[in-house]
Amino acid sequence: DLPGFLHEWLMQYSVTDFAYTLITQGNEDLSLLEMDQEVFSAVLPSKVTEVEGCIRMYEEMHRLKGKEGLRQRQEQQEQMVRAVYDLASEQLKRFDELKELKQHQEFQDLQEVMEKSSKEAQGQQEKLKEEHRHRAKVLNLKLREAEQQRQRQEELERLRKEEGQERLRRLYSIQEEVLQLNQQIDPNYRHKDLPRIDLSAYSNRGNQICGLVSGLIRTTSERGFPTQVDVANTERALQEMRGLISSMQQEIAAAVEEKRRRDEEEERQKQKELLKKEQMKAQTPAPAQQSGGKQQKEGLQVKAEESTMQWYQQLQDAAEQCVASFSGISNCKDNNEVKKIKTDLQKAATIPVSQISRIAGSQLREIFDKINNLLSGKSVQSGGRTVSVTQHPQGLDFVYYKLAEKFVNQGEEEVASHRDAAFPIAVVASGIWEIHPRVGDLFLAHLHKKCPYSVPFYPALKEGTSMEEYQRMLGYQVKDSKMEEQDHFLKRMSGMIRLYAAIIQLRWPYGNKHGTHPHGLNHGWRWLAQMLNMEPLADVTATLLFDFLEVCGNALMKQYQVQFWKMMLLIREDYFPRIEAITSSGQMGSLMRFKQFLEECLQQKEIPLPKGALQSSFWRS
């Protein structure tokens, strides 16, 4: 508080009030005070200076007093902190001592427990060892018994396998003998002196027996080893075939005997009428030829026509010549540069074919252009590299061969798994075939070799040919002397026939519209006619006819019209019963599908468009 006299003095003077306000506001208008310094000095009396000094002294006293109080409080605080620190240190020491005591006690207790547990465990271990020794003895006895049992089982299995292999070899030998006996039957046999002999019935039955034996062997191979019943069935088939040959020989012998008697009669007639004898000599060959021609129509062929076989052989010769023409690329093991060219050309030829799909017509056109440019000698990009057939003198022949082979492989693999894939592959193959005919010839050569039924051609078992090689000739895949399963075989054959049926009816839409198809519907009609002129094969014939007609039937119907429907009626009325006669109960699936297809088509008078056929909208995609 200000002294009383100072307060009274401040209340008496207004100028003093002004100065007091200026002081308490913290020099808010210092600039004004400075400007009026002379006025202020004149106005303030000497006691203002005294008051100001008192105020300043008062403030200094309070500041010193606060500073001293702060110092005292700091000292007290430091003393308290030191006291608390000392107390905490002592408590921590007591805590550590107590903790150490507890640890010693726990360690001693744990040690006692461990010693006790160790003694108990040792006793338990001894007990377990004794039990283990006892169990080991029992287990050894059981193991010896199990080993003896396993050895007995292995011995039984070995004997069963040996017996099964022996029966399988017996089946193969029977099949080989049946096929060889069947070769002795020539349905076209016409002895010039025996015009009445007709072996077509024997040939038909011989083919049926061969089909039954082959089907039985396939069935037993899929099931495992054949049983004694299977061997007995095949032996009965062999006996029937032998009886068939015997009957045929007896019939020929009877005919020869009849001919001998007739010759004796004719000889007697010669003595009576020499002129009549000369006339009969002139007329005898004619009836024989006429009779032979008539009999030949009653039975079906077993072998393909001579012209067909010549065409087949020409294509195979052309393929072999093509292989010989690029022998420099094929045998390039020591030349890394040629090996690299070979790899690049093979990739450039085959990868685009693998990329063919139904995604879009524009993509299909790009693939076609890439293949066509490669065959035309232009450079193409493949795997990030520039490739051209001009890189090697034999490059073009190599690409021709590999491209044709790849098309057939796509039918065997891709079309077999995805039937709709036949059409985009076929339309590209047809277009390439039209521009590069050699690709088409090589395609047919590969196709005929992998699927002889596309000729159609049923290879005969020749003397000296092993059964394994003969199975390959029939189109089967044989690995480690084991023939592939029938379902897989039929699936592959089906894929290749579907691709072939698609090719003969499709043309590349951007090609020469005024030109003719390089291998058109007339070849499909020829194939169908020749198939129906040959004896059917169980499973195979029904499957391939169904696939071919399902893909190509609509196009053939539009092309041949009435003649086509006559062919369909012939299949239903005459050929289907022949297939049915040689089909066993386990092979009825393909036969029933074919029968249902025939009935529906004949009933509706229409062959539907094949599923997956390329529409005009596809080429705008």
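Student: Is arginine 242 buried, partly exposed or exposed, and what is its relative accessibility?

Tutor: Arginine 242 counts as partly exposed, at 34% relative accessibility. Keep in mind that we're looking at a predicted model.

Student: Which side chain does arginine 242 meet in a salt bridge?

Tutor: The general idea comes first: side chains of opposite charge can pair when their charged atoms come close. Here, arginine 242 meets glutamate 177, with 2.7 Å from N to O. Glutamate 177 sits in helix α5 and arginine 242 in helix α7 (residues 228-272), so this pair ties together parts that are 65 residues apart in sequence. Glutamate 177 is partly exposed too, with a relative accessible area of 25%.

Student: How many salt bridges does the structure hold?

Tutor: There are 32 salt bridges. Take another one: lysine 450 pairs with glutamate 412, and their closest N and O atoms are 2.8 Å apart. Lysine 450 belongs to helix α16 (residues 437-450) and glutamate 412 to helix α14 (residues 395-417), so the pair ties together parts 38 residues apart in sequence.

Student: Are those two partners buried or exposed, or something in between?

Tutor: Lysine 450 is partly exposed at 30% relative accessibility. Glutamate 412 has a relative accessible area of 7% and is buried, because buried means under 20%.

Student: What about arginine 507, which partner does it have?

Tutor: Arginine 507 forms a salt bridge with glutamate 434, the closest N and O atoms being 2.6 Å apart. This pair links distant parts of the chain: arginine 507 is in the loop between α18 (486-503) and α19 (521-532), glutamate 434 is in helix α15 (residues 422-435), and they are 73 residues apart. Arginine 507 is partly exposed, at 27%.

Student: Which residues do salt bridges with shared partners join into one network?

Tutor: That network consists of Glu412, Lys450, Glu484 and Arg492.

Student: Now for surface patches. Which residues form the negative one?

Tutor: Glu106, Asp109, Glu112 and Glu115 form it. Glutamate 112 is placed in helix α5, and it is partly exposed with a relative accessible area of 46%.

Student: And which residues make the nonpolar patch?

Tutor: Leu110, Val113 and Met114 make that one, and it covers about 290 Å². Methionine 114 lies in helix α5 (residues 46-183). With a relative accessible area of 52%, methionine 114 is exposed, because the cut-off for exposed is over 50%.

Technical notes:
Residues are numbered from 1 along each chain as its sequence is written. This is a predicted model: local features need pLDDT of at least 70, side-chain atom pairs count only at pLDDT 80 or more; totals for chains, interfaces and linings use all residues. Side-chain values use heavy atoms; hydrogens and water are left out. Patches are made of residues with over 30% relative accessible area and no salt bridge: like charges are joined within 9 Å, nonpolar side chains (Val, Leu, Ile, Met, Phe, Trp, Tyr) within 5 Å. Accessible areas come from the Shrake-Rupley method with a 1.4 Å probe; for residues, only the protein chains shown count as cover. A salt bridge is a side-chain nitrogen of Lys or Arg within 4 Å of a carboxyl oxygen of Asp or Glu. Helices (H or I, at least four residues) and strands (E, at least two) are DSSP runs, numbered from the N terminus. Buried means under 20% relative accessible area, exposed over 50%, partly exposed in between (1.4 Å probe, protein chains only). Lys and Arg count as positive and Asp and Glu as negative; His and the chain ends are not counted. The place of a charge is taken as NZ of Lys, CZ of Arg, CG of Asp or CD of Glu.
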